[in-house]
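Below is a short briefing on a structure and how its parts pack. The points are grouped by topic after a few lead sentences.

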Amino acid sequence: MSHHSHAKSYVAVYIALLALVAATVAVAMVPLGPLAFPVAISIAFTKAFLIIWIFMHVKDESSLVKIFAFLGIGWMGILFVFLFCDYLTRADNRADYPGAWQNYGIHAPAEAGHGHADHPKTDAEGHAH
Amino acid sequence: MSSHAAHSPYLRHQFDDLPQQRESAALGMWAFLVTEVMFFGGIFGAYTLYRHWYFPEWDAASRQLDHYLGAFNTFVLLTSSLTMAFAVDAAASGKIPALKRNILLTLILGVTFVGIKMYEYYTKWEHGLVPGSGFHWHPIPGTPEITNINAAELFYVFYFTMTGIHAFHMLIGFGLLITLYIQAKLGKFSAEYYTPVEMIGLYWHLVDILWVFLFPLLYLIDRNVVL
């Protein structure tokens, strides 16, 4: 039984991964504004794919194992799509909205006890202290 | 050497042949890894939501982390993935000394990672950034002020939860690597049978992948200050 060593491709992938780490740190230092997050997460997914495909040798697995290997990301996608279909479309999602829940309950200590008496969480905290 | 001998001592009776036995193990291991992805998925979902809600506070909280240490730890962990891949490669070629050497290297790199992580935890404790009654916010001079201190504290709840669960997975990995090393020393593995090395390798790489996401999400949120 002869095994063809993959050591060379592992080293190549490793160098690519290190280059991507350098890139993601460098990009974080540059003011990209709204692009910063998509760029950082794309680099992370590229690194994850390289590790899955080469280090975890999914490249050489059967179709069934390939499907399993990428199912996790698919299901996480479903979780995120439905989670943010809900939260991103809520009217009270903005911090400047008077009913925004982040104006309740969680305060800097100096602000505690001001207004928002209609919110049960504030009441509960007010009584507790 | 005849390949996949019908009476291989490694073949369990419920399998037709060694490749089928190996693929069953790989499929089962991936099913487990998918549950791990789902487990972290819930935390990543909650992270994304709070990140969106407390945007400036989480920017400020993230800037308190040492991103150079984080980047160095990423380098350490990626290197340990390389040595793990080498270990599997050595096992597949029947090179047991190389297998043992690479398992040890992986273990040393893993311990280095957790050691640096513990040092980071210690500095966060020193700076009063551990959530709870001891939480004290000290803004970095020259960066935007934040008023909602509790939102910054929430960032540190996520920081300690996510990195803590990740470090716990590393500790389990240490136990698995030590077990592999002992088994390799006892001559349990050969070019014909090294499935445990492969499966623990998959686990180790998954822990690496989790860190690949944790690093930018926690350390690199917003390093440049845009006023």
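**Helix packing, core and interface**

In chain B, helix α3 (residues 67-92) and helix α4 (residues 96-126) pack with their axes 8 Å apart, at an angle of about 165°. That makes α3(B) roughly antiparallel to α4(B), a term for angles over 145 degrees. This is a predicted model, in which local features need pLDDT of at least 70 and side-chain atom pairs count only at pLDDT 80 or more, while totals for chains, interfaces and linings use all residues. Residues are numbered from 1 along each chain as its sequence is written, with chains lettered from A and ligands numbered from 1 in the order in which they are written.

**Terms for helices and axes**

- Helices are DSSP runs (H or I, at least four residues), numbered from the N terminus.
- Axes are lines fitted to C-alpha atoms, for helices over the stretch in contact, and angles run from 0 to 180 degrees between N-to-C directions.

**Helix pairs in chain B**

- The α3(B) and α4(B) crossing is left-handed, meaning that the near helix is turned anticlockwise from the far one by less than a right angle.
- The contact of α3(B) with α4(B) has 16 nonpolar, eight polar and two charged residues; Ala, Val, Leu, Ile, Met, Phe, Trp, Tyr, Cys and Pro count as nonpolar, Asp, Glu, Lys and Arg as charged, and the others, Gly among them, as polar.
- Helix α5 (residues 149-185) of chain B and α6(B) have axes that come within 10 Å and cross at roughly 160°.
- α5(B) and α6(B) are therefore roughly antiparallel to each other, and α5(B) passes α6(B) in a left-handed crossing.
- Residues making this contact include Y159(B), M162(B) and H166(B) of α5(B), and V197(B), W204(B) and W211(B) of α6(B); two residues are in contact if their C-beta atoms, placed from the backbone, lie within 7 Å.
- By class, the contact of α5(B) with α6(B) has 15 nonpolar, five polar and no charged residues.

**Nonpolar core**

- The largest nonpolar core has 80 residues, and A87(B), A91(B) and V197(B) have the most contacts inside it.
- Such a core is a set of buried Ala, Val, Leu, Ile, Met, Phe, Trp, Tyr and Cys residues joined through C-beta atoms within 7 Å, where buried means that 20 or more other C-beta atoms lie within 10 Å of a residue's own.
- Beyond its neighbours within four places in sequence, A91(B) is in contact with L99(B), F189(B), Y194(B) and V197(B).

**Interface of chains A and B**

- Chain A has 44 residues in contact with 46 residues of chain B.
- On the side of chain A that touches chain B, α3(A) gives the most, with 13 residues.
- The residues of that side of chain A divide into 33 nonpolar, nine polar and two charged.

Definitions and conventions. A residue is buried if 20 or more other C-beta atoms lie within 10 Å of its own, exposed if 12 or fewer, and partly exposed in between; C-beta atoms are placed from the backbone. Helices (H or I, at least four residues) and strands (E, at least two) are DSSP runs, numbered from the N terminus. Angles under 35 degrees count as roughly parallel, over 145 as roughly antiparallel, 65 to 115 as roughly perpendicular and the rest as oblique.
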